[in-house]
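Dear colleague,

I am handing over the structure we spoke about, with notes on what was found in it. Please read them with the model open beside you.

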Amino acid sequence: MLRRPIEERFWEKVDKTEGCWIWKASRNSSGYGQLSTERGKGPVLAHRLSWLIHFGEIPKNRKVLQTCRNLICVRPDHLRLSPSGGSVKEKLNDYTVVRPSGCIEWVGATAHGYGNINLGGNKWRLAHRVAWELEHGPVQDGLWVLHSCDNPLCVNVEHLFLGTHDDNMEDMVSKGRSRKGVEHHNARLCDQDVCDIRYRHAAGENRQKIAADYGIAPGYVNKIVRREVWAHVE
Ligand SMILES: [Zn+2]
Ligand SMILES: [Zn+2]
């Protein structure tokens, strides 16, 4: 028996809200909406299907990104194509959108709440650090690239400044008091070492060095990073 056209089945499963258009049917293991196709063929991702319906073919090796970061959103104007390859600067452009606040927000992969940029192969770096370094050169050891806008996904160099680890903690405390996310920030501060360790690891710092700073074994740094321990800390 022939199944009904995929487009018809697609629309039945979409809930158009004022913001995102929400996928109501099944999701894959990564959290993206999906729809079964013909027998013997795997499911298609709902947001990719939405792109096909609205804009046509998806060029080879390119991804469809949700700029709203909602994995089950299929609203066409929340979708964009990301060219693969290109220079680091191009990648930063490809994976960002400008928000009304002036933040240039990363819409690609993330690590611990920060944008995570792939520099080829298995090499991942924090996007805002990369953005800073493109503009100002390498960050000196022991210094952090901090956000004046308090938006960890922002890569706008105008919103970034250098500080020490202590500056970062002070910054979090003061913003935690002035923002609605007080509890969230306090909770992070209670377990701040764990957050720091994950952050520093994501920033590409050597795990031996991190371990030495906290008086723990390098293997324990791995466990923290992999969330085998302290999994409850965000
Ligand atoms: Zn959306
Ligand atoms: Zn910003």
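Strands β9 and β10 run antiparallel and are joined by 2 bridges, where helices (H or I, at least four residues) and strands (E, at least two) are DSSP runs numbered from the N terminus. Within this pairing, A111 has Y114 of β10 as its bridge partner. The two strands belong to an open sheet of 3 strands, ordered β9-β10-β11 with antiparallel pairing, two strands being paired if DSSP finds at least two bridges between them. Its edge strands, each pairing on one side only, are β9 (110-111) and β11.

Before going further, please note that this is a predicted model, in which local features need pLDDT of at least 70 and side-chain atom pairs count only at pLDDT 80 or more, while totals for chains, interfaces and linings use all residues. Residues are numbered from 1 along each chain as its sequence is written, and chains are lettered from A and ligands numbered from 1 in the order in which they are written.

Helix α4 lies across β10 and β11, running at about 70° to β10; axes here are lines fitted to C-alpha atoms, for helices over the stretch in contact, and angles run from 0 to 180 degrees between N-to-C directions. In α4 (residues 127-136), the residues A127, H128, R129, V130, A131 and W132 are buried, a term that requires 20 or more other C-beta atoms within 10 Å of a residue's own, whereas exposed means 12 or fewer and partly exposed lies in between, with C-beta atoms placed from the backbone. The cover over these buried residues includes α3 (88-94), β8 (104-106), β10 (114-118), β11 (124-126), β12 (143-147) and β13 (160-164). Just after α4, G137 takes a positive phi of about 90°.

The largest nonpolar core has 17 residues, of which L92, W106, A127, V130, A131, C154 and V155 touch the most other members; such a core is a set of buried Ala, Val, Leu, Ile, Met, Phe, Trp, Tyr and Cys residues joined through C-beta atoms within 7 Å. Two or more residues of this core come from each of β8, β10 and α4, and the largest share, 4 residues, comes from α4. Leaving aside residues up to four places away in sequence, C154 touches C103, I104, E105, H128, H147, C149 and H159, contact being counted when C-beta atoms, placed from the backbone, lie within 7 Å. A second, separate core of 9 residues includes F10, W21, L45 and V74.

Turning to α9 (residues 218-225), V221, I224 and V225 are buried there, and they lie on the same side of α9 because they cover an arc of only 95° around the axis, the arc being that of the directions from the helix axis to the C-beta atoms. Just after α9, R227 takes a positive phi of about 65°.

D196, found in helix α7 (residues 192-202), counts as partly exposed because it has 19 C-beta neighbours inside 10 Å, and its C-alpha atom is separated by 9.3 Å from that of I210, 14 residues apart along the chain. S36 lies in the loop between β3 (34-35) and β4 (44-45) and, with 14 C-beta neighbours inside 10 Å, likewise counts as partly exposed.

For the protein as a whole, there are 9 helices and 13 strands, and buried residues make up 22% of the 234 residues.

With best wishes

Terms used:
Contact = placed C-beta atoms within 7 Å.
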